Amino acid sequence: MKIVIVGCGKIGKTILASLLAEGHDIVAVDTDPDVISEISNIYDSMCVCGSGTDYDTLAEAGAEKADLVVTCTKSDELNMLSCFIAGKMGAQHTIARIRNPEYNAQSLSFLRQHLALSTSFNPDLIAAQELFNVLKLPSADKIEYFSRRSFEMIELRVREDSPFCGVRLSDLRRKYPAKFLICAVQRGGEVTIPGGDFQLQADDHIEVTAARSEIQKLMRAMGILQKQARSVMILGASRIGYYLARMLLASGTEVKLIDIDHERCQQMSELLPGAVVICGDGTHQELLLEEGMRSMDAFCALTGIDEQNILISFYASSQGVPKVITKVNQTKLTGIADKLGLDTLISSRTVSSNVLTRYARALQNSMGSNVETLYRLMDGKAEALEFRVEADFPALGVPLKEMKLKRGILVSGISRGRHALIPSGNDVIQAGDRVVVLAAGTRIDKLSDILQ
Amino acid sequence: MNRRMVFKTVGTMLMAEAALLLLPTAVALIYREGCVVYLLASALIALAAGWALWRFCKPTSDLIYAREGFVTVALTWLALSAVGALPFFLSREIPSYVDAFFETVSGFTTTGASILTDVEAMSRGLQFWRSFTHWVGGMGILVFVIALVPGANDRSMHILRAEMPGPVVGKLLPRARDTASILYKIYVGMTLLEIALLLAGGMPLFESVVHAFGTAGTGGFGVKADSIASYSPYLQWVITVFMFLFGVNFNLYYLLLARRFKAALQSSEFWYYLGIVLVSVALISANILPLCKNLADAVRLSAFQVSSIMTTTGYATTDFNLWPEFSKGILLLLMMIGACAGSTGGGLKVSRAVMLMKTIGREIRHLLHPRSVNAVRFEGKPVDGATLKGVSSYFAIYMVCTVTVYMLLTLDGFDLETNLSATFACFNNIGPGLAAVGPTANYFAYNPLSKVVLSLAMLLGRLEIFPLLLTLSPATWMKR
């Protein structure tokens, strides 16, 4: 597809990189010549220097023939206007980044309709939503939902004291009554789909699929303390912090919000009547202890400075906070923080590029693929995709163990009617099912791609 | 510096050259000539050397940056010329290797300067190879390979940019590979059109093909001792027009193909280019009128020569050495300006010359009104400071190189006009100069040192100085 990306800041660049890797033709537009020359050096995309609200610039970028225009400049209003112009010029789909909380759901839907936007996305809100999901199930590092939430795919880290350590997967299934499937293992940067002989080690990251009701059983079996976070301390009243606090408060969780800026704190206390808002320097350990960090269920470091977030998170872990979440925006720091032992890292850049990738794949839907849901797992090295099975799927009714699948493909969940099924070798795929497929190292666009 | 990746790419290019050498081999086979053995041997040597480099340089990463792009391009061109010279040398049709190297560099860089005293005596296969190097070198061999080979990575733009001439190299399409392939499609299309038109005018097939190659690459190798002079006026006009067309920025043709006529017409570089050509033709026609039979004759001669020199092709229909000093002066000036950026021509490029003039205008305005702020505009847009600075420093280094080459040539004992025009003609990739290296003479008389210097000058000119200069600088090769 031909995609125009207007505004190539941090988020724009991440989106550009991931869409380019998907094989799309990208035209990048930015007002800053330095940014443009940097992009033309690193990425194989066409670059146009100019404003995204300028008709001529958009014409030069070929917006009239674009399949998708994504705008992510600093200003929400510029983004909307630019999408509006591109849409009127003939772009098929337009997506604007709109992140000011003043645009609430109602006004957004009004704007989307009247400006003919295909959709809008708010990276901070998406990130906050993901954080919220994790806090609901604190032992997981990440959670993804499929098929109207009948399935969950959770990412866990195997700890040294876990009973899973050193056990062969085939034994694991016999040992534990819960129905689950370990569908991918990341060890030292390598992602593999494990067979029955595979043995887990400490520090492996694993992706587990299970029906929703089975997750609790599995957690108990693994000996992981399973408690929804009831009290959360959030450091940094950034937009993510605000959204998260709002969601948590709505679900009845206690929230303590710390920020250094007095005005911001004032604003927060007006917007979030239920939260305890503290004005102070969160890097002072004394302050954190005084505010009862040790008794919190979870701690989220969401300030604008990655390094600060990482350091404070280590401190929180050392003080025995059960769940620590760290916001890290720079990709290179993500690797370091992960190596040093921080479990749950979040970055609004990757989250929003995932959303965009999903959207672009869904667009290709109409061009021959029928992906219903797509999640990128393990730093994008694996993907989980959900398909609805059409009647023309060539291997209907064939038991999974007899199906000739490509390397790096695993059928990790089938939902049939209201039942969620963790497939074994004898299960079959029927028309009308929804199938969750995990793909590592190969790209699939439609369900029949899984067959050799 | 990712040396392995550089050498691996050079290896790939040598293998591509082996494939290209098969074409003249086929020609030699058709004419049943003895040089077929030597062409085939050269192809095998290229293949072996390329395969060895490709096989034994295992890069740990395929990341390349601007400097790897520059060095890759410079080394590729050196290697291609060194291997491309082998057929001439092995077959003993050019007995000295330095001469053969000079001839090949002159071919690849689309200069067209020759050391051959008798072109017509050369076998058809080698004549074809000589002209084919023009065609390959015109658009660039790395561009060619990028267009053909799938899986070029994100960084291929560095190579494209280092090989394509001009102050700013942009893309026509989002992918480097698509850009390269559309450029080559236009190039092939125009070459075929010219061959057809030449055939229609009664030129034999072999000569049509060879001359079309020479025109397309703006090279200038022919198969006759008197270049184009003995052909009919119709054929001369066809070549005049096509030389002019190949000197135009290829982006313009893309815009025409994409039916963006308005954008194409707005290209100010094209209008400057056309203007310079028309004014020069008018001035020279008036100047040489007394020497010619009639006005039509004068216009035809001056148009051909102006088009040939301006686009840095180097064909000739007359011995312009005998022209009045004023006309020769204009030609010398045109040598420096050269063709448009993004064309197959060489020289300083029209866009650079225009920007330089505009910068001078800005400086004068600035002296008159010290507080004034003036933006330089080109192609309807303000030019950013980095590009202007790049143009100025390119001009400075261009002059330094010209002077250096000239000084080295003076060791050889020719007169000032010969040396100066030889420097201009080689450095700007034109071919024939004035006086002792004029259109009817050749470079044979220079000693081997001068020939090597001139070969390097041709490469410097074609690759726009920096790639070769960077490659020769020790700092580039240091570990840090």
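Predicted model: local features only at pLDDT ≥ 70, side-chain atom pairs only at ≥ 80, totals over all residues.
Modeller: Residues are numbered from 1 along each chain as its sequence is written, chains are lettered from A and ligands numbered from 1 in the order in which they are written, and side-chain values use heavy atoms, with hydrogens and water left out.

Colleague: Why is Asp124(A) called buried?

Modeller: Buried means under 20% relative accessible area, exposed means over 50%, and partly exposed lies in between (1.4 Å probe, protein chains only). Asp124(A) has a relative accessibility of 11%, so Asp124(A) counts as buried. Arg239(A), at 32%, is therefore partly exposed.

Colleague: What makes Asp124(A) and Arg239(A) a salt bridge?

Modeller: A salt bridge is a side-chain nitrogen of Lys or Arg within 4 Å of a carboxyl oxygen of Asp or Glu. The closest N and O atoms of Asp124(A) and Arg239(A) are 3.1 Å apart, and the pair forms a salt bridge. Asp124(A) lies in helix α6 (residues 123–136) of chain A and Arg239(A) in helix α9 (residues 239–250) of chain A, so the pair ties together parts that are 115 residues apart in sequence. Helices here are DSSP runs (H or I, at least four residues), as are strands (E, at least two), and both are numbered from the N terminus. Over all chains, the structure holds 15 salt bridges.

Colleague: How do you know that Lys224(B) and Glu207(B) meet in a salt bridge?

Modeller: Their side chains are 4.0 Å apart, N to O, and the cut-off is within 4 Å. Lys224(B) lies in the loop between α10 (205–216) and α11 (233–246) of chain B and Glu207(B) in helix α10 of chain B, so the pair ties together parts that are 17 residues apart in sequence. Lys224(B), at 26% relative accessibility, counts as partly exposed, whereas Glu207(B), at 14%, is buried.

Colleague: What makes Glu325(B), Lys328(B) and Glu417(B) one network?

Modeller: Glu417(B) forms a salt bridge with Lys328(B), with the closest N and O atoms 3.2 Å apart. This pair links distant parts of the chain, with Glu417(B) in helix α19 (residues 416–427) of chain B and Lys328(B) in helix α16 (residues 325–337) of chain B, 89 residues apart. Glu417(B) is partly exposed at 28%, and Lys328(B) is buried at 7%. Salt bridges that share partners join Glu325(B), Lys328(B) and Glu417(B) into one network.

Colleague: How do you know that chain B and chain A are in contact, and which residues form a salt bridge between them?

Modeller: Contact means heavy atoms within 4.5 Å, and 14 residues from chain B and 14 residues from chain A take part. Arg175(B) and Asp25(A) form a salt bridge, with their closest N and O atoms 3.0 Å apart. The count between the two chains is two salt bridges. On the side of chain B that touches chain A, the elements giving two or more residues are α8 (156–163) and α9 (176–200) of chain B. The largest share, three residues, comes from α8(B).

Colleague: What makes α8(B) mostly covered?

Modeller: Seven of the eight residues of α8(B) are buried. Among them are Met157(B), His158(B) and Leu160(B).

Colleague: Why is the set of residues around Tyr273(B) called a nonpolar core?

Modeller: A nonpolar core is a set of buried Ala, Val, Leu, Ile, Met, Phe, Trp, Tyr and Cys residues joined through side-chain atoms within 4.5 Å. The largest such core has 153 residues, and those with the most contacts inside it are Tyr273(B) and Tyr443(B). Helix α1 (residues 3–30) of chain B gives the largest share of this core, 11 residues. Leaving aside neighbours within four places in sequence, Tyr273(B) is in contact with residues including Met243(B), Phe244(B) and Val350(B). A second, separate core of 28 residues includes Ala127(A) and Cys300(A).

Colleague: Why is Thr402(B) called buried?

Modeller: The relative accessible area of Thr402(B) is 5%, so Thr402(B) is buried. Thr402(B) is found in helix α18 (residues 385–410) of chain B. Leaving aside neighbours within four places in sequence, Thr402(B) is in contact with Thr423(B), Phe424(B) and Phe427(B).
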